[in-house]
Amino acid sequence: PRRRGGGGGGGYVVCPRIVRANHDCSPNAFQYSIAGRRGMVLVAERDIVAGEEITISYHMHDDVTETGITPEMCRAALSHNWGISCPPDCACYNPQQRALLSQARQLYQQMREAGRQEDVSAALTAGETLLSLSDASPHFELSLLNRLSVLFTTMMAALLTDETLPRAKQYATRVREANAAASLGDPEADMIETLCRMVLCGLPCTHFLRARAYASFAA
């Protein structure tokens, strides 16, 4: 699934509205590019009340899919590229959030590795533990796109065996909800929606979906 601030293609484009959004290490919105279009889409991470400033992250420190990015690296990039200095009470300095982020990244990598090893039970356990970690902690919450990525990966793991196909259907419903919340009908969102519908339709699509699941963990 797509990434916040995702680009690709190597070109540059100026988005007059999005450039007005200031940085925040705990933003209430995110931006991503849509394949084949010269522009970006701004999507709310949560409900934004009237009069509240819309903020985005110029350099994410809390992406669970990126194990090599540290808050120190992000603060250095913010300072060098935009002259931004995070205040002492910024989320990127929060030791509890940092510990939970480290745990979440380990769980995500465990889920991916278990999927590659076809250890479906371990992959599902890691995915559910990661989702529970985000839901239960006031100091750490998955972004919409990270939640979509975790749910999608867990669904693909559940497709690897006949015994876990019923759980794949359960995840497909959750993936569709997360996909709808995190997208505006771009091609990748359409692909995810199509896969989820195929999962929910059952046996006629099982072989194709299992091949896609193997491919997703091999990537």
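Student: Which residues touch the most other members of the largest nonpolar core?

Tutor: In soluble globular proteins, nonpolar side chains tend to be buried together. A nonpolar core here is a set of buried Ala, Val, Leu, Ile, Met, Phe, Trp, Tyr and Cys residues joined through side-chain atoms within 4.5 Å. Buried means under 20% relative accessible area, exposed over 50%, and partly exposed in between, with a 1.4 Å probe and protein chains only. In this predicted model, the largest core has 49 residues, and Met155, Leu159 and Val175 touch the most other members. The elements giving two or more residues to this core are β2 (29-33), β3 (40-44), α2, α3 (120-136), α4 (144-158), α5 (165-182), α6 (187-201) and α7 (206-218). The largest share, ten residues, comes from α4.

Student: What limits apply to these values, and how are residues numbered?

Tutor: Residues are numbered from 1 along each chain as its sequence is written, and side-chain values use heavy atoms, with hydrogens and water left out. As the model is predicted, local features need pLDDT of at least 70 and side-chain atom pairs count only at pLDDT 80 or more, while totals for chains, interfaces and linings use all residues.

Student: Which residues does methionine 155 touch?

Tutor: Contact means heavy atoms within 4.5 Å. Not counting residues up to four places away in sequence, methionine 155 touches Ala168, Tyr171, Ala172, Val175, Cys196 and Val199.

Student: How many helices and strands are there?

Tutor: Helices (H or I, at least four residues) and strands (E, at least two) are DSSP runs, numbered from the N terminus. The protein has seven helices and four strands, and from the N terminus on the order is β-β-β-β-α-α-α-α-α-α-α. Of its 219 residues, 47% are buried.

Student: How do α2 and α3 pack?

Tutor: Axes are lines fitted to C-alpha atoms, for helices over the stretch in contact, and angles run from 0 to 180 degrees between N-to-C directions. Angles under 35 degrees count as roughly parallel, over 145 as roughly antiparallel, 65 to 115 as roughly perpendicular and the rest as oblique. The axes of α2 and α3 come within 8 Å and cross at roughly 155°, so the two helices are roughly antiparallel. In α2, the residues that meet α3 include Leu100, Leu107, Met111 and Ala114; their partners in α3 include Ala122, Ala126 and Leu130. By class, this contact has eleven nonpolar, five polar and no charged residues. Ala, Val, Leu, Ile, Met, Phe, Trp, Tyr, Cys and Pro count as nonpolar, Asp, Glu, Lys and Arg as charged, and the others, Gly among them, as polar.

Student: Is alanine 114 buried or exposed?

Tutor: Alanine 114 lies in helix α2 (residues 95-116) and counts as buried because its relative accessibility is 8%. Leaving out residues up to four places away in sequence, alanine 114 touches Asp119, Ala122 and Ala123.

Student: What is the phi of glutamate 118?

Tutor: Glutamate 118 sits in the loop between α2 and α3. Its phi is positive, about 60°, although the residue is not a glycine. Glutamate 118 counts as partly exposed, because its relative accessibility is 48%.

Student: At what angle do α6 and α7 pack?

Tutor: α6 and α7 pack at about 130°, with axes 10 Å apart, which means that α6 is oblique to α7. Met191, Leu195, Met198 and Val199 in α6 meet Phe208, Leu209 and Arg212 in α7. This contact has six nonpolar, no polar and one charged residues.
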